[in-house]
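Colleague: I have a complex open on screen. Walk me through how to read its features.

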Amino acid sequence: MQPVADTSQLLKGVLDLAVLAVLEGQDSYGYDVVRRLRESGLSEVGDASVYGTLRRLFEAGALNTYVVPSDEGPHRKYYGLNDRGRRALADSTKSWTTLTTALNQLLDGRSAKNGR
Amino acid sequence: MADETPHNDVARYAAAVRDALSDLPAAKRDLVLEDLEDHLAEVAAESELPLASRLGPPEEYAAELRAAYGAGHQPPMLRFPRTRRLLRRTLFQLSGWRTYQAVRDYLPELRPAWWVLRAYLAVIVLAVMLRGDQTIHPIPNPFTSGGILELIAMAAAIVFSIKLGRWSSRRKDWLSWPLRAGNAMVALSGLIALGSMSTLPTWADTYSANSGMPDAYAPGPITNIYAYTVDGRPLESVLLYDQDGRPLVIDASGYGIISNYPAAADGQPITNEYPLTQTRMDGSGIVPPRVAVPPAVPSPSPSPSPPASPSPSPNPSSNR
């Protein structure tokens, strides 16, 4: 097993959740998703990772997509959550909350021990 | 790469990413990369910097994309990974040059020319294989049966080759492996066949044509013999014999020259007394040659020794 050393490694596992969360609030196109993820603090998120995740979620049927013509630049392919996506987000959120709660307790307990 | 336009950069980068994912099934890859160009264009629109300096090398981008997309398998371990990476990077750099792009753009236009050429080469190769390269020429001679056959075969082959070319270029994978191998084989063997029938004169021709001697020195028929002493005095009335004691006779009559042999005491002609007294058939006289005798080593006795005649005493009458 690879050591979970840096943020990018940790990020990989939760990128689906992050992308779904970003799209829940507002439909968006690929590069905008990258930007919003970075704005919310995930500065190390890779462009290719987001693009790949979007494509995978789309093919898995969690996203719907539509093209919006734009005056300047290329037409934009927007992604948005469909029912399946919303369900996936809800399930993942539950798992994530359980996981983080457990991990937080674990880490708190350790720091409490260390602080003694 | 001052001529790099943003659009160009995107196309190039996308092509390199697509290339790095070439191991995926085509349908799947097309699906994954469906809006890669549009996506990259968005990225490119944000900054003046080239994509590669912001997103990293295209291969790494492809690897990250593959991991995030969960494309199942990593690229198979290829041999010489370092060489391949270097090659790919070089190619990526190269693809930014305007000259390279120009050449790459007009190469497809030469495709029909190649279709004709490969048909021609294939027939030439076939002809050389069947009939040997002695009788085959780069341009068939239409006045020989073989040449006509070649020309007809070429016409047929060209028609077929163009059909094949059009058919295969309509398909997406137009350069499938068998076709590629066939093309390479025709090109290679065609070059070899053409090389074997070079239009330049052969070595033997060159040799005899340019032996470097003026005509006067070309060995011609011997019609007379002039003997000189080593110090340059011409000798008259010399009797010549070969190693077996037979008189040395020159028959110059075949060259329009009449020899007048002196008569011996018994009335028989002496045919080996040189120089021969000769006239041409038309009656004109023959001028003795002017010769350059090499400088003589001073010899104690320049007196001509009597001919060391072979044991049987010279008997001119024994000849003719």
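Modeller: This is a predicted model. Start with the contact between the chains: 17 residues come from chain A and 16 residues from chain B.

Colleague: Which elements of chain B give two or more residues to the side that touches chain A?

Modeller: Helix H2 (26-32), helix H3 (36-45) and helix H5 (58-69) of chain B. H3(B) gives the most, with six residues. Sorted by class, that side of chain B has ten nonpolar, four charged and two polar residues.

Colleague: Now a helix pair. How do I describe the packing?

Modeller: Two packed helices are described by the distance between their axes and the angle between them. Take helix H2 (residues 30-39) and helix H3 (residues 47-59) of chain A: their axes come within 9 Å and cross at roughly 125°. H2(A) and H3(A) are therefore oblique to each other. Their crossing is right-handed.

Colleague: Which residues in H2(A) and H3(A) meet?

Modeller: H2(A) brings Gly30(A), Val33(A), Val34(A) and Leu37(A). They meet Asp47(A), Val50(A), Tyr51(A) and Leu54(A) of H3(A). By class, this contact has six nonpolar, one polar and one charged residues.

Colleague: And confidence?

Modeller: Where pLDDT is low, the predicted coordinates should not be read in detail. Chain B averages a pLDDT of 77, and 77% of its residues score at least 70. Over residues 201-214 of chain B the pLDDT is below 50, and this stretch has two contacts beyond near neighbours in sequence. Residues 316-320 of chain B also stay under 50, with twelve contacts beyond four places in sequence.

Colleague: What ipTM and pTM does the predictor give the complex?

Modeller: An ipTM of 0.78 and a pTM of 0.46.

Technical notes
Residues numbered from 1 in each chain as written. Chains lettered and ligands numbered in written order. Predicted model: local features only at pLDDT ≥ 70, side-chain atom pairs only at ≥ 80, totals over all residues. Contact = placed C-beta atoms within 7 Å. Helix = DSSP H or I, 4+ residues; strand = E, 2+ residues; numbered from the N terminus. Nonpolar A, V, L, I, M, F, W, Y, C, P; charged D, E, K, R; others polar. Axes fitted to C-alpha atoms, helices over the stretch in contact; angles between N-to-C directions. Parallel < 35°, antiparallel > 145°, perpendicular 65-115°, else oblique. Left-handed = near helix turned anticlockwise from the far one by under 90°. pLDDT = per-residue confidence, 0-100.
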